[in-house]
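User: I am new to this model and would like a close look at a single part of it. Please describe that part, what surrounds it, and how the neighbouring regions are arranged.

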Amino acid sequence: KLLAQIKGENLFWSETLRKGMVRTLIMKGFYRKTEDCQPAMDSVVSKILDFIDTEKQWSYISDFWTDLCEISPKAILTRLRKEFVEPTGLMNLFRNQSSDFLFGRNAYINILWGIERLLVQKEFVWDALRWLLELDSRNYEYKSNAPKEIFAKVFCVWYNFSAIRTPEEKITAAKLAIKLSRNSWTYLYEAIPHHGGSMVGELSVPKYRDYTVKEAVTVGDMQTVSSGYIKILLDNMDFSVERWNEMLKATDAFQPELKQNVFDRLLYEVTQMDDYEIVDIKNNIIDMIYRHRFFASSSWSMPEKQLQEYEHLLDEIHTSQIEYEYGYLFSGNTEYPLLHPVPYETEGEKKSNSRATEKLIQEKLIELQSKGYRLEILAELCGKEQYNFLGRYLAKYWKEGKWDFETFEILLKAQPSSNMAIDYMSSVVGEEVSLYPGIISKIKQLGYSDEIIAGIYRSEAFSTKNIPLISGAPDRIKVLFWELPVSCKEVNARWIVNES
């Protein structure tokens, strides 16, 4: 009857009756257990699956999928493997998912549930895992159930959910995963104990077939598997900044020897990275040291001895452009660029850390200038962040805090949005609004964009007590000027109302 429905023939039996027939076949096979029974069931399921050649038919058969997986895991796995070589529409169930949680139907979920039932059976777990990894490598976007959730249980270090049980088996599975799906690095990383994530539910299990039940693992096995995963992760860092930043988050819980292995591997890989990647990693280490010292009394903070190890690591990582070593001071993503902040529970910590930051940045900018390092290179790095503090600190401490058009132009060229340059100009010019006409005239002569010119007019409007210069600007500049919110002195409030 399943065949008739798949082939488009009319049926007079209900879906309940059809499902009942399938389950009768299951029970017949399991309770009789004659030698020729399983081959016969394999043959029946193979014939049913051979008739499927459209996405619609796959969607229909998904209603019976978990039962078919019980009748003949062998036939199911054979058909699934064939689908990668000779596709007939199954992948479309994964590709064309519905995001309607109330009325939409995602037939692929039944396919995954069937795979889960195979993952708890010793005889079929490895073939099921290989197929799921191949599916995962295709990177479909999931609206609901996803392979990631299944892998979290398969690779769990503190509990055995699948038929992959021993440390040796789990490490072998991890190596297979890394080989077949690039996403597996994340799955293994999230499985190591440091992560602190939670897990919901367990794998779907057969109703009739024998399967391995879930069980807790010993502390020794958990440590063995975790160490195995970490070694696999380290062997597959692939010079990835994202992976290294994630790995460094976990190292505070590592044993000294393993942590040193991580540091040694990092020091090798940074020699093959460009300066932007090195800066990203260094900033991550600086932020880590800052957070642990700032929240020194927290239960999760590292002891001082460990933090010194990270400082020594930081001192061994260098960019080829010396100017890039100063970039962390001006990042908009950092509260304070301090390695030794005053802890947050200390009275007056905000004032103390602000003063320390100001002193540090002043000293470093004086150093940058006295050593003849190039501001253009530092600005080019900082300009990659949409919002940073380079402009406002240059206004305070660069060239004795005096207006310098050359500095302004360096910042303009380093960042298309001109935020750094406008910050510098607004801060250093302040209420000396008489400088603005000359700045605007020179910028126009040099052929800078209307957007930059509008930004300068906006800065002048904020500071002046007179009618802002934008009043006499061309209409095209006025249009750009009013595209963003405009602030001004109270004396010009009526002007803003009238103009806008």
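Analyst: Phe405 is placed in helix H21; helices are DSSP runs of H or I with at least four residues, strands are runs of E with at least two, and both are numbered from the N terminus. The model is predicted: local features need pLDDT of at least 70, side-chain atom pairs count only at pLDDT 80 or more, and totals for chains, interfaces and linings use all residues. Residues are numbered from 1 along each chain as its sequence is written, and side-chain values use heavy atoms, leaving out hydrogens and water.

With a relative accessibility of 13%, Phe405 counts as buried; the term means under 20% relative accessible area, while exposed means over 50% and partly exposed lies in between (1.4 Å probe, protein chains only). Setting aside neighbours within four places in sequence, Phe405 is in contact (heavy atoms within 4.5 Å) with Lys442, Ile443 and Leu446. Phe405 and Lys442 are 37 residues apart in sequence, and their C-alpha atoms are 9.4 Å apart in space.

The buried residues are Phe405, Thr407, Phe408, Glu409, Ile410, Leu411, Leu412 and Ala414. Their cover includes H19, H20, H22, H23 and H24.

One member of that cover, H22, has its own buried residues: Met420, Ala421, Ile422, Tyr424, Met425, Val428 and Val429. These pack against helix H19 (375-382), helix H20 (390-397), helix H21 (405-414), helix H23 (436-445) and H24. After H22 comes Gly430, with a positive phi near 60 degrees. In the loop between H20 and H21 lies Lys399, which is not a glycine but also has a positive phi, near 55 degrees. Lys399 has a relative accessible area of 32% and is therefore partly exposed.

H22 and H24 also take part in the largest pocket. Helix H22 (419-429) and helix H24 (450-463) each supply at least two residues of its lining, and H24 gives the most, with eight. On a 1 Å grid over the protein atoms alone, a pocket is an open set of points with protein on both sides within 12 Å along at least five of seven lines, whereas a cavity is a set where a 1.4 Å probe fits but cannot get out; lining residues have an atom within 4 Å of a point. The volume of the largest pocket is about 770 Å³, taken as the space filled by probe spheres set on the points, which are joined across faces, edges and corners. In total, 30 residues line the pocket, and those nearest its centre are Asn419, Ile422, Gly455, Arg458 and Leu484. By class, the lining has 10 nonpolar, 13 polar and seven charged residues; Ala, Val, Leu, Ile, Met, Phe, Trp, Tyr, Cys and Pro count as nonpolar, Asp, Glu, Lys and Arg as charged, and the others, Gly among them, as polar.

A search of the whole structure finds 32 aromatic pairs, that is, rings of Phe, Tyr and Trp (its six-membered ring) with centres within 6.5 Å; planes under 30 degrees apart count as stacked, over 60 as edge-to-face and the rest as tilted. The ring centres of Phe84 and Trp131 are 5.4 Å apart and their planes stand at 25 degrees, so this pair is stacked. Phe84 belongs to helix H6 (residues 73-85) and Trp131 to helix H9, so the pair ties together parts 47 residues apart in sequence. Trp131 counts as buried, at 2% relative accessibility. For Phe330 and Tyr393, the ring centres are 6.3 Å apart and the planes at 55 degrees, so the pair is tilted. Phe330 sits in the loop between helix H17 (304-315) and helix H18 (349-370), and Tyr393 in helix H20, so the pair ties together parts 63 residues apart in sequence. Both Phe330 and Tyr393 are buried. Ring pairs also link Tyr290, Phe294, Phe295, Trp300, Tyr336 and Tyr344 into a cluster.
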